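Subject: The model we talked about

Hi,

Here is the model for you to open alongside this note. Have a look at it first, and then read on for what turned up.

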Amino acid sequence: MNISRFDHENYTDFELLSSEDLALFRQAKYYTSELIYAQNIKFIILKSGQAKLSYINGTNEFIINFINKGSIVLIDSDSVLEFLSDSEAMELNLCDVKELFENEKFSMAMVNSLIRTTIMTRQIVADIVFGSLESRIVSFLHNLADEQHYDGAG
């Protein structure tokens, strides 16, 4: 399974969340260039806007992926979410997530997002470790072209 860093399955049906479910989330607005760091694991759903999820190691940044409206991401102490446009987000601490797993459709969207991120991360590692510079550039350009085609068709 090949997953693009640009093409993500998004959770857009917020009506599946009850008012009790929504009350668990912290609703927040962020402006372009604002950052989210997390001391503890946090789930974030981007309601609007765009952001960049990166892994931070000292002064080095590695971009994991670019996220759009409806993306579900996991932030921990080694990652940062940088907003690329004015955005709205729903944030939930890990300790509160268990209550949402009673909502089957939402929990499946969350699990699918984590599976996609895991597979994509493996692909990135394999590309870095085993791929030549030329193959990495070709792979990146192919994914970028697929994303532009996807956006144009949608």
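Which strands form the open sheet with antiparallel pairing that includes β1, and in what order? The 4 strands are arranged as β1-β8-β3-β6. Before going further, please keep in mind that this is a predicted model, in which local features need pLDDT of at least 70 and side-chain atom pairs count only at pLDDT 80 or more, while totals for chains, interfaces and linings use all residues. Residues are numbered from 1 along each chain as its sequence is written, and side-chain values use heavy atoms, with hydrogens and water left out.

**The sheet with β1**

A note on the names: helices (H or I, at least four residues) and strands (E, at least two) are DSSP runs numbered from the N terminus, and two strands pair if DSSP finds at least two bridges between them. In the order β1-β8-β3-β6, the edges are β1 (26-30) and β6 (72-75); each has a single partner strand, so one side of each is left without a neighbour in the sheet. On average, neighbouring strands here are turned by 30° against each other, direction ignored. Such angles are taken between axes, which are lines fitted to C-alpha atoms (for helices over the stretch in contact), and run from 0 to 180 degrees between N-to-C directions.

Strand β8 (residues 87-93) pairs with β1 in the antiparallel sense over 5 bridges. Along that pairing, Gln 27 stands opposite Met 90 and Ala 28 stands opposite Ala 89. β8 is also joined to β3 by 6 bridges, again antiparallel, with Glu 88 as the bridge partner of Ser 48. Of the 7 residues in β8, 5 are buried (buried means under 20% relative accessible area, exposed over 50%, and partly exposed in between, with a 1.4 Å probe and protein chains only). Helix α3 lies across β3 (42-48) and β6, at about 60° to β6; contact here means heavy atoms within 4.5 Å.

**The sheet with β5**

Another open sheet has 4 strands in the order β2-β7-β4-β5, with antiparallel pairing. Its edges are β2 (35-37) and β5, each with a single partner strand, so one side of each has no neighbour in the sheet. From one strand to the next, the twist averages 25°.

Strand β4 (residues 50-57) pairs with strand β5 (residues 60-68) over 8 bridges, and Ser 54 has Ile 63 as its bridge partner in β5. These strands form a hairpin with 2 residues between them, and Gly 58 in the turn has a positive phi of about 65°. On to strand β7 (residues 79-83): 5 bridges join it to β4, while β2 and β7 pair over 3 bridges. In that last pairing, Ile 36 has Leu 81 as its bridge partner.

**Charged pairs**

How many salt bridges are there? The count comes to 4, where a salt bridge is a side-chain nitrogen of Lys or Arg within 4 Å of a carboxyl oxygen of Asp or Glu.

In one of them, Glu 91 meets Lys 42, with the closest N and O atoms 3.5 Å apart. This pair links Glu 91 in strand β8 to Lys 42 in strand β3, 49 residues apart. Glu 91 is buried at 4% relative accessibility, and Lys 42 is buried at 16%. Arg 26 joins Lys 42 and Glu 91 in a network of salt bridges.

Lys 52 is worth a click too. Its side chain meets that of Glu 61 in a salt bridge (3.3 Å, N to O), and Lys 52 also forms one with Glu 82, at 3.2 Å between the closest N and O atoms. Glu 82 lies in strand β7 and Lys 52 in strand β4, so this pair ties together parts 30 residues apart in sequence. Glu 82 is also the bridge partner of Lys 52 in β7. Lys 52 is buried at 11% relative accessible area, whereas Glu 61 is partly exposed at 44% and Glu 82 is partly exposed at 21%.

**A nonpolar patch**

Finally, Tyr 55, Phe 62, Val 125, Ile 128, Val 129 and Phe 130 make a nonpolar surface patch of about 610 Å². Patches are made of residues with over 30% relative accessible area and no salt bridge, joining like charges within 9 Å and nonpolar side chains (Val, Leu, Ile, Met, Phe, Trp, Tyr) within 5 Å; accessible areas come from the Shrake-Rupley method with a 1.4 Å probe, and for residues only the protein chains shown count as cover. Helix α3 (residues 104-130) gives the largest share, 4 residues. Phe 62 sits in strand β5 and is partly exposed, with a relative accessible area of 32%.

Best wishes
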